[in-house]
Amino acid sequence: MALEGKLVKKNYHIYVVLGDGEINEGQVWEAAASASKYKLDNLTAIVDKNNLQMDGFTEKVMPMDPIDKKFEAFNWQVMTINGHNMKEILIALEEVKKIKGKPACIIVNTIKGKGVSFMENIRKWHGKAPNQREHEIAIKEIQGGNDDIK
């Protein structure tokens, strides 16, 4: 989509959200190389670095650190932010629009289940929905004033 936008001279920006477990797939790096080759400055990858994936902790399944250096090696402009800080997120999204001649990557450091005591850094919540009682507890905890996630 980003390449098509360049070819037909459309003024839009494409955002791709990737998990840190997902980036151990080869097609991600093939796309990263292509984006660099075609200087897709209308493309931003947002990598959710929460250190968990379906099969376990990313470091045990397939270590990908340093993620920033890998994207930089593919000639991407990279920034790393706190993915729980909305102000940092909004600033980063504005900054990537100013980058010319290369794609951008925003690595957002997050904690899976942030703000919910029984979910934080627990792998089973990667693909499991809470039941009604768990949902109620989670909502109460999130609304309890965790300023870091607002």
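**Entry 1: Glu30**

I looked up Glu30 and found it in helix H2, residues 26-37; helices (H or I, at least four residues) and strands (E, at least two) are DSSP runs, numbered from the N terminus. The model is predicted, so local features need pLDDT of at least 70 and side-chain atom pairs count only at pLDDT 80 or more, while totals for chains, interfaces and linings use all residues. Residues are numbered from 1 along each chain as its sequence is written, and side-chain values use heavy atoms, with hydrogens and water left out.

Is Glu30 buried or exposed? Glu30 is exposed, because its relative accessible area is 56%; buried means under 20%, exposed over 50%, and partly exposed in between (1.4 Å probe, protein chains only). I also noted that Glu30 and Phe74, 44 residues apart in sequence, are 9.9 Å apart in space, C-alpha to C-alpha.

**Entry 2: The sheet**

I traced an open sheet of four strands in the order S1-S2-S6-S5, with parallel pairing; two strands pair if DSSP finds at least two bridges between them. Strands S1 (14-19) and S5 (77-82) stand at the edges with a single partner strand each, so one side of each is left without a neighbour in the sheet. S5 and S6 (residues 104-109) pair over six bridges in the parallel sense. Within S6, Asn109 is the bridge partner of Asn82.

**Entry 3: The nonpolar cores**

I then examined the largest nonpolar core, which has 19 residues; such a core is a set of buried Ala, Val, Leu, Ile, Met, Phe, Trp, Tyr and Cys residues joined through side-chain atoms within 4.5 Å. Among the residues that touch the most other members are Trp29, Phe71 and Cys105. H2 gives the largest share of this core, four residues. Apart from it lies another core, of eight residues, including Ile46 and Ala92.

**Entry 4: Salt bridges**

I counted six salt bridges, each a side-chain nitrogen of Lys or Arg within 4 Å of a carboxyl oxygen of Asp or Glu. In one of them, Lys6 and Asp41 have their closest N and O atoms 2.3 Å apart. Lys6 lies in helix H1 (residues 2-7) and Asp41 in the loop between H2 and S2, so the pair ties together parts that are 35 residues apart in sequence. Lys6 is partly exposed at 32% relative accessibility, whereas Asp41 is buried at 15%.

I also recorded a salt bridge between Glu136 and Arg133 (3.8 Å, N to O). Both residues lie in helix H6 (residues 132-142), three residues apart, about one turn of the helix.
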